[in-house]
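Look over the whole chain before turning to its details. The text below goes from the overall fold to the pockets.

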Amino acid sequence: MAFTEKLLQSLPPVEVAGRHVKRYHVTADPAGIEPEVERAAYALLPTLLPEPDGTPPAAFAVLHRGGDDGAYLNVYGWTWDNVLHFGGAAAGQPVLGCPDRDPAHFVRLDRSLIGCVWELPPILHERDAWVRHMLVPDRPDLAGYLADSLPAGTTGGRA
């Protein structure tokens, strides 16, 4: 099967465990990610965030619904002022240690995986947005950072 880009949707940020979390969804399905998968993923989200360390409380999450039974939640939290902390979870993917093929039964991953080709595009945008709004200005602009999301479209062709 030939490689095909997937759809990427940017959702409004939410506050979770004292952090503002920007959200991205990745799926091949134009209808989006099933509500039960989204609810289950975001219920686990607080456990994937780094401990507060004085860095402005911001993070971003990529929820990816695979073409099979798999669903993946990648959470990237800003720490040490300019470093990304990663926490990941998966559902429906036994090869990653999931107990079944239920795409709403998420388990925390303990592997050193940071994302697949469809999940990586937000990282570059978020890096540039963090620099633009939080590191370059004399005063960090958290509201500006939270408003600066990768536009909806596909996961590729954004150069």
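Helices here are DSSP runs of H or I with at least four residues, and strands are runs of E with at least two, numbered from the N terminus. On that basis the protein, which is a predicted model, has three helices and seven strands. Read from the N terminus, the order of elements is β-β-α-β-β-β-β-α-α-β. The radius of gyration is 15 Å, close to the 15 Å that the globule rule gives for 159 residues, so the protein is as compact as a globular protein of that length. Along the principal axes, the C-alpha atoms fill a box of roughly 50 × 35 × 25 Å.

Of the 159 residues, 45% count as buried, where buried means under 20% relative accessible area. Among contacts with a separation of 6 or more, 54% are between residues 24 or more positions apart. The accessible surface comes to about 8200 Å², and carbon and sulfur atoms account for 57% of it.

The largest pocket holds about 250 Å³ of space. Its lining consists of 18 residues, and those nearest the centre are His64, Tyr72, Leu96, Cys116 and Glu119. The elements that give two or more residues to this lining are β4 (71-79) and β5 (83-91). By class, the lining has nine nonpolar, six polar and three charged residues.

The second largest pocket holds about 210 Å³. Met1, Ala2, Phe3, Thr4, Glu5, Lys6 and Leu7 are among the residues that line this pocket, and Ala28, Gly67 and Trp118 line it as well. Six residues of this lining are nonpolar, two are polar and two are charged.

Conventions: Residues are numbered from 1 along each chain as its sequence is written. This is a predicted model: local features need pLDDT of at least 70, side-chain atom pairs count only at pLDDT 80 or more; totals for chains, interfaces and linings use all residues. Side-chain values use heavy atoms; hydrogens and water are left out. On a 1 Å grid over the protein atoms alone, a cavity is a set of points where a 1.4 Å probe fits but cannot get out, and a pocket is an open set with protein on both sides within 12 Å along at least five of seven lines; lining residues have an atom within 4 Å of a point. Grid points are joined across faces, edges and corners, and a volume is the space filled by probe spheres set on the points. Ala, Val, Leu, Ile, Met, Phe, Trp, Tyr, Cys and Pro count as nonpolar, Asp, Glu, Lys and Arg as charged, and the others, Gly among them, as polar. The radius of gyration is taken over C-alpha atoms; the globule rule is 2.2 Å times the number of residues to the power 0.38. Buried means under 20% relative accessible area, exposed over 50%, partly exposed in between (1.4 Å probe, protein chains only). Contact means heavy atoms within 4.5 Å. Accessible areas come from the Shrake-Rupley method with a 1.4 Å probe; for residues, only the protein chains shown count as cover.
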